Amino acid sequence: MTRSDLDFVRVLEDVIHLLMDKGVIRFTDLPDAARDKLIARQSLRSRINHVGLMAEGDDVI
């Protein structure tokens, strides 16, 4: 169940980014806590990808 939850979190993150890319929602429409979490995950993923520790699209567990 935990793995499924983690996978689902990634799906939700991707859906949020898709909705923003399509102009359906704006980043500023999200609550502060959601914005903070998205920024933190994006920053973490960027740092991990930058040092080549994971392939594009992989997620941190």
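This is a predicted model: local features need pLDDT of at least 70, side-chain atom pairs count only at pLDDT 80 or more; totals for chains, interfaces and linings use all residues.
With a relative accessible area of 42%, leucine 12 is partly exposed. That value lies between the cut-offs of 20% for buried and 50% for exposed.

Helix H1 runs over residues 2–21, which makes 20 residues. From first C-alpha to last, H1 reaches 29 Å, close to the expected 28 Å. After H1 comes glycine 23, which has a positive phi, near 80 degrees.

Which residues of H1 are buried? They are Arg10, Glu13 and Met20. Looking down the axis of H1, you will find these buried residues within an arc of 90 degrees, so they line one face of the helix. The cover over the buried residues of H1 includes helix H2 (32–50).

## The fold in numbers

Two helices and zero strands make up the secondary structure of the protein. Of its 61 residues, 15% count as buried. If you consider the contacts with a separation of 6 or more, 35% come from residues 24 or more positions apart.

## Salt bridges within a helix

The structure holds six salt bridges. One of them joins arginine 3 to aspartate 7, with the closest N and O atoms 3.1 Å apart. Both residues lie in H1, four residues apart, or about one turn of the helix. Arginine 3 is partly exposed at 45% relative accessibility, and aspartate 7 is partly exposed at 36%.

In helix H2, aspartate 32 and arginine 35 are three residues apart, again about one turn. Their salt bridge has its closest N and O atoms 2.0 Å apart.

## A salt bridge between the helices

Glutamate 13 and arginine 41 meet through their side chains in a salt bridge of 2.8 Å, N to O. This pair links distant parts of the chain, with glutamate 13 in H1 and arginine 41 in H2, 28 residues apart. Glutamate 13 is buried, at a relative accessible area of 5%, whereas arginine 41 is partly exposed at 27%. Through salt bridges that share partners, Glu13, Arg41 and Arg45 are joined into one network.

Technical notes:
Residues are numbered from 1 along each chain as its sequence is written. Side-chain values use heavy atoms; hydrogens and water are left out. The expected span of a helix is 1.5 Å times one less than its number of residues. Buried means under 20% relative accessible area, exposed over 50%, partly exposed in between (1.4 Å probe, protein chains only). The arc is that of the directions from the helix axis to the C-beta atoms. Contact means heavy atoms within 4.5 Å. A salt bridge is a side-chain nitrogen of Lys or Arg within 4 Å of a carboxyl oxygen of Asp or Glu.
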